[in-house]
Amino acid sequence: MDAYLQTKEEVLNELEVSENKGLSEEQAVDNAVRFGTNSLSKPPKESLIGKIIASLLEPMVLMLVIAAVIAVGVNVVRDMNGETTEYIECVGIVVAIGLSVAISLIMEGKSAKAFEALNKIKDDIPVKVFRNGKVRLISQKDLVVGDIVCIETGAKVPADGRLIESQDLQAEEASLTGESEPVKKSADWVAKDIDTPLAERRNMLYSGTFITAGSGRMIITAVGNETEFGLIARELSATEKALTPLQEKLAHLGKVIAV
């Protein structure tokens with residue numbers, strides 16, 4: 001919804017939320033089903049076989065695989081001709097390949113676990129919400145569209161929302177818009193143009209940004225994948241992973257050595 005084009009009363013009416021009471025528990029459950037939860041969808045996990053194949057296709061490792069095949073072929077021919085064989089070299093190359101793949105899988109596994117741990121910490125951040133006429137502390141991941149969230153200086157914005165109350169409020173949005181200076185926010189401001197840039201939407205707060213001054217309340221208008229950060233994350237996951245300059249140089253070196 002384009003909440004920045006609407007007054008706070010229009011947003012509250014559209015989401016069927018009372019400014020004085022907030023959502024009821026029944027509404028919260030219904031909205032979680034209707035609009036989704038406040039968590040980003042995880043990209044599909046690659047299978048172990050897929051990871052092993054990807055590791056074997058690394059230029060330097062692929063060169064070792066080719067060397068192993070050649071060494072085995074040469075020794076098989078020698079064995080058939082009754083000549084001296086040196087299978088120890090083949091074993092050494094295979095062991096080197098195995099170690100390389102194992103190290104790659106271990107490092108990738110540690111990175112994945114660290115990422116999951118950080119996500120769990122983020123999910124457990126307590127948020128002040130107004131439900132059933134009372135202020136409650138709930139986990140960030142339990143926020144739903146329509147929740148009225150209390151915000152204050154130093155807080156991290158947990159989801160996208162339309163301000164319904166503000167007192168000298170300012171937000172730092174550099175991570176989202178690139179603007180280095182905090183932006184003044186106002187619950188009474190309403191955009192006139194649908195093409196108003198995100199950085200100029202003074203009545204909106206966005207997930208992942210920080211409150212640098214003031215306080216206020218906002219009604220959640222988007223959670224999880226539907227937030228501005230969620231949309232960016234989906235676009236990035238849909239694009240092919242680019243090689244870093246170091247990976248490109250190693251790939252080139254591997255090809256040169258292989259030739």
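This is a predicted model: local features need pLDDT of at least 70, side-chain atom pairs count only at pLDDT 80 or more; totals for chains, interfaces and linings use all residues.
Local features require pLDDT of at least 70 and side-chain atom pairs count only at pLDDT 80 or more, whereas totals for chains, interfaces and linings use all residues. Residues are numbered from 1 along each chain as its sequence is written, and side-chain values use heavy atoms, with hydrogens and water left out.

Ile49, Ile53, Leu57, Leu62, Ile66, Ile70 and Val74 form a nonpolar surface patch of about 630 Å². Such patches consist of residues with over 30% relative accessible area and no salt bridge, nonpolar side chains (Val, Leu, Ile, Met, Phe, Trp, Tyr) being joined within 5 Å and like charges within 9 Å; a salt bridge is a side-chain nitrogen of Lys or Arg within 4 Å of a carboxyl oxygen of Asp or Glu. Areas follow the Shrake-Rupley method with a 1.4 Å probe, and for residues only the protein chains shown count as cover. Two or more residues of the nonpolar patch come from each of α3 (48–56) and α4 (59–80), with α4 giving the largest share, four residues. Helices (H or I, at least four residues) and strands (E, at least two) are DSSP runs numbered from the N terminus. Ile53, located in helix α3, is partly exposed at 44% relative accessible area (buried is under 20%, exposed over 50%, partly exposed in between).

Zero disulfides (cysteine sulfur pairs within 2.5 Å) are found in the whole structure. Cys90 is buried at 5% relative accessibility, while Cys150 is partly exposed at 23%.

Strand β7 (residues 210–222) pairs antiparallel with β3 (residues 148–152) over five bridges, pairing requiring at least two DSSP bridges. Val149 stands opposite Met218 in β7. Strand β4 (residues 160–172) also runs antiparallel to β7, joined by 10 bridges, and Arg162 has Ile219 of β7 as its bridge partner.

Conventions:
Buried means under 20% relative accessible area, exposed over 50%, partly exposed in between (1.4 Å probe, protein chains only).
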